[in-house]
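These are my notebook entries on one structure, kept in the order in which I looked things up.

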Amino acid sequence: MPELRSPARLDSFGVFGELSVGPARHRVARIDGLVTPRMPYTIRLLLENLLRHEDGERVTQGQIEAVLAWGSGGSSTVDVHPSRVFLHDTNGVPAFADIAAMRDAMHAIGGDPAAVNPQIPAELVVDHSVIADVFGSPGALERNAELEYERNAERYRFLRWAQSSLRNVRIVPPGKGIMHQINLEHLARVVVADEGWAYPDLCVGTDSHTTMVNGVGVLGWGIGGIEAGAAMLGESLNMPLPPVVGVRLTGALRRGATATDLVLTITEVLRAHGVVGTFVEFHGEGVRALSLPDRATIANMSPEFGSTCAYFPVDEETIRYLRFTGRPPAHAALVEAYAKAQRLWHRPEHTADYTETVEIDLGAVEPSVAGPHRPQDRVPLSQVRRRFREAAGELPPANGLRHGVVGIAAITSCTNTSNPAAMVTAALLARNAVRRGLRSRRWVKTTLSPGSRVVTSYLDAAGLTPYLEELGFHLAGYGCMTCIGASGPLVAEVREAARDDGVTVAAVLSGNRNFAGRINPDVRQNYLASPPLVVAYALAGTVDTDLMSDPLGHAPDGSPVRLADVWPDPEEVARVMESAITPEMFTAAYRDVFAGDARWDSLEQQEGERFRWDPDSDYLRRPPFFDGMPPEPEPVTGIEGARVLVLLGDSTTTDHLSPAGAIPADSPAGRYLRERGVAPTGFNTYASRRGDHEVMVRGAFANVRLRNLLVPEVEGGYTASFAEGGLVRTVYDAAMAYRAAGTPLVVLGGALYGTGSSRDWAAKGPALLGVRAVLAESFERIHRSNLIGMGVLPLQYLPGENARSLGLTGHEVFDIESPAAATTVTVRADGKEFGAVVRLDTDREREIYRHGGITRLVLRRLQAK
């Protein structure tokens with residue numbers, strides 16, 4: 001056990017000490033003498049964070065005492081200080097645009113713009129902008145990269161300005177990989193060594209899958225871009241002290257079951273159990289049976305089961321992984337010593353006093369997919385045909401291609417391409433299929449977009465790349481691509497069948513989300529699957545099949561070839577991994593991770609403290625959030641005479657609220673771009689346009705699969721405009737009519753409102769449309785925070801009530817009393833009156849709402865200084 005020594009000066013808890021690791025000494029905030037044996041590891045990490053930041057103002061002794069008494073009942077809030085903020089380009093651009101606008105506002109009042117500056121490290125990875133336009137050919141990678149730069153050069157120049165003008169900002173240029181895999185394989189510190197201190201790496205990110213590093217022992221979670229901007233500027237994260245759900249893992253995965261099958265099972269179980277707003281902590285002997293990439297696969301999908309994080313404590317496997325992926329030996333030794341000294345080292349027999357406990361037997365996991373619209377809807381592989389037909393309902397006769405045709409088969413996303421076992425299994429399955437004479441069906445768009453260049457290295461070293469390419473899985477890019485809806489157009493005959501003949505097209509992808517309308521506008525059903533099953537469905541060409549019994553295809557001699565015939569032996573997978581994957585691959589991939597290629601380096605960039613906005617740009621416009629902002633916040637008042645903009649059902653996702661994919665030419669955003677002289681081929685995606693509020697406000701509620709119950713007969717971004725006599729209009733046009741009439745707006749939602757991505761525009765867009773409040777049965781954590789961050793009031797129906805039970809049709813006029821100091825308010829809707837819970841859960845959230853949003857609060861604080 002390394003030695004911890006207390007220095008002469010002690011704080012009130014007597015915790016400051018030294019940790020000696022070899023010749024190095026580090027100051028630490030000791031928790032080893034304060035934690036109880038049955039305190040969850042995640043709560044121990046919060047305790048350390050509070051001890052190190054206790055100042056008597058923001059972080060108080062009362063907060064520390066509440067953590068020390070964790071599990072004894074009661075509720076309290078704590079102020080957590082992240083060690084770094086992690087961003088990607090499509091959320092990072094608007095976050096930095098907000099900071100640039102804050103600098104303008106500071107200048108306007110005679111202040112110093114440089115006072116608006118990140119106070120902690122902010123790392124951004126450009127991975128969300130590349131689109132799978134070109135596929136199935138050796139030149140796909142290079143051509144997609146060329147198109148990426150043609151479309152996004154203006155945004156990338158802005159990011160280069162941010163890197164040069166803002167302190168503590170580092171950017172990983174395009175083409176290096178997906179942010180979460182880069183974080184896992186290289187950036188995650190686990191324990192930070194900084195200016196003589198050693199402390200846990202607490203990472204928050206603008207992508208909800210920031211939780212992936214929970215698999216390597218880093219406590220972290222996703223937040224919205226609005227909150228991330230405030231965190232960069234030195235604000236703490238105020239949060240209720242969370243419940244902790246312990247998930248005890250037993251047994252081991254059986255032959256044929258993958259980490260993907262396991263995480264889909266966990267997602268199904270925990271979403272049904274209910275873990276929104278909780279920390280999930282994995283423990284038990286089963287943890288030892290999981291490789292670190294397996295753990296990362298599970299942690300990655302924490303937002304899919306709804307938890308704030310999904311944490312795996314540090315153990316021998318963590319240290320092995322850090323060393324194998326090229327972390328310096330001295331740093332791996334520090335992580336091990338720190339975890340053991342601070343009682344953060346995982347002991348399989350350890351069982352904490354968890355708020356609740358769930359047990360999962362790894363041996364019971366079976367091959368599965370999830371779909372067709374939600375990650376928690378797991379489907380055993382043998383039942384996919386039945387699930388497809390149930391979801392599709394009565395289908396019109398199809399001409400040519402049959403319903404259920406696989407239009408997209410994509411090996412994509414951080415979740416599964418980060419897992420060598422999954423990728424090697426997929427490649428070996430491709431080899432076996434090619435050797436049996438099978439080929440992908442001609443209508444399937446096949447893409448490979450791994451999260452790390454290391455994947456390419458070991459597939460090449462194993463000699464498996466040619467087999468994937470033989471089936472059309474050529475490297476299309478290093479980025480999120482299909483997983484976030486940047487899937488590009490389908491094969492022409494499939495696109496025409498979907499649009500002209502009403503054929504129900506399916507996508508199969510190794511991603512983490514499959515919400516309606518997310519993957520491709522011409523695809524109606526989306527199934528999440530492991531990489532080898534993606535290959536299998538490319539061979540079969542349809543989801544209207546039973547892969548457990550039906551053939552994938554036929555050999556040249558006419559004999560049927562089934563999935564079991566080509567599924568590789570686990571022993572061979574292990575041999576290939578052992579021989580083909582080396583630590584040197586990680587070292588080479590990340591040696592110059594922050595250096596760009598010639599395209600990146602040739603981009604011209606602005607200099608100076610303030611960004612010069614181009615009034616003709618349709619990618620970057622100065623955000624309007626500080627326009628007309630008074631020096632002091634105005635009194636909080638009620639909402640009178642409001643109309644319902646949209647009435648939505650359960651599981652409304654942030655993709656519904658603000659889509660990320662293609663911009664349809666006939667949408668309000670498409671019309672706006674065409675009016676500005678942009679051809680449809682240059683529209684790019686909604687995600688790439690998040691720096692232009694004029695595009696994004698027109699994209700609010702514009703998902704092509706949105707179901708607004710005010711206009712149940714219409715699919716897409718439409719509503720009934722009561723300012724125009726109930727006329728059916730686009731949501732944007734209706735909102736503009738309400739604005740002209742001076743009418744405030746509300747949104748009615750169901751359960752799990754705002755599930756999915758952390759995107760801040762899911763709150764920014766409605767706020768700019770004039771939405772003052774959202775009334776729902778329940779909220780997902782990040783979206784509720786984003787609403788408050790934009791000054792939109794989240795209200796929740798009382799238990800057992802919802803729009804249906806209260807008889808609300810959405811045609812009513814709403815009056816909502818002031819939430820200034822209330823925990824519940826009275827809502828009047830024509831002749832109906834009912835109570836609603838004010839979901840401003842902490843004093844800090846009430847303060848943010850009073851200021852009209854978190855960036856306004858931060859700016860006023862900076863102005864006061």
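**Entry 1: the second largest cavity.** I looked up the second largest cavity and found that about 140 Å³ of space lies in it. Of the 16 residues that line it, Gly 517, Pro 659, Gly 661, Ala 662 and Val 704 are the closest to its centre. By class, this lining has nine nonpolar, five polar and two charged residues. I note the classes here: Ala, Val, Leu, Ile, Met, Phe, Trp, Tyr, Cys and Pro count as nonpolar, Asp, Glu, Lys and Arg as charged, and the others, Gly among them, as polar.

I record the basis of these entries: the model is predicted, local features need pLDDT of at least 70, side-chain atom pairs count only at pLDDT 80 or more, and totals for chains, interfaces and linings use all residues. Residues are numbered from 1 along each chain as its sequence is written, and side-chain values use heavy atoms, with hydrogens and water left out.

For the terms, a 1 Å grid is laid over the protein atoms alone; a cavity is a set of points where a 1.4 Å probe fits but cannot get out, a pocket is an open set with protein on both sides within 12 Å along at least five of seven lines, and lining residues have an atom within 4 Å of a point. Grid points are joined across faces, edges and corners, and a volume is the space filled by probe spheres set on the points.

**Entry 2: the largest cavity.** I searched the whole structure and found 10 cavities of 30 Å³ or more. The largest cavity has a volume of about 200 Å³. Its lining is made of 23 residues, and His 128, Asp 207, Ile 484, Arg 518 and Ser 757 lie nearest its centre. I sorted this lining into seven nonpolar, 11 polar and five charged residues.

**Entry 3: the largest pocket.** I found about 1200 Å³ of space in the largest pocket. It is lined by 46 residues, of which Arg 499, Pro 521, Ala 662, Ile 663 and Pro 664 are the closest to its centre. The lining divides into 22 nonpolar, 13 polar and 11 charged residues. Three helices, α17 (492-500), α24 (668-675) and α26 (731-741), each supply at least two lining residues. Helix α17 gives the most, with three residues. Helices (H or I, at least four residues) and strands (E, at least two) are DSSP runs, numbered from the N terminus.

I also looked up Ala 492, which has its place in helix α17. Ala 492 is partly exposed, with a relative accessible area of 37%; buried means under 20%, exposed over 50%, and partly exposed in between (1.4 Å probe, protein chains only). The C-alpha atoms of Ala 492 and Trp 443 are separated by 8.4 Å, although the two residues are 49 residues apart along the chain.

**Entry 4: the largest nonpolar core.** Which members of the core touch the most other members? I found Phe 96 and Phe 701, in a core of 286 residues. The largest share of this core, 10 residues, comes from helix α3 (residues 89-108). A nonpolar core is a set of buried Ala, Val, Leu, Ile, Met, Phe, Trp, Tyr and Cys residues joined through side-chain atoms within 4.5 Å. Leaving out residues up to four places away in sequence, Phe 96 touches Leu 87, Leu 124, Phe 158, Leu 159, Ala 162, Leu 166, Val 169 and Met 232. Contact here means heavy atoms within 4.5 Å.

Entry 5: I checked the length of helix α7 (residues 259-273): at 1.5 Å a residue its 15 residues should span 21 Å, and its end C-alpha atoms are 21 Å apart, which agrees. The expected span is 1.5 Å times one less than the number of residues. Because 11 of the 15 residues of α7 are buried, the helix is largely enclosed by the rest of the structure. Just after α7, Gly 274 takes a positive phi of about 95°.

I found Gln 376 in the loop between β17 (368-370) and β18 (378-380). Gln 376 is buried, with a relative accessible area of 12%. Not counting residues up to four places away in sequence, it touches Thr 267, Glu 268, Arg 271 and Glu 304. The buried residues of α7 include Thr 267 and Arg 271.
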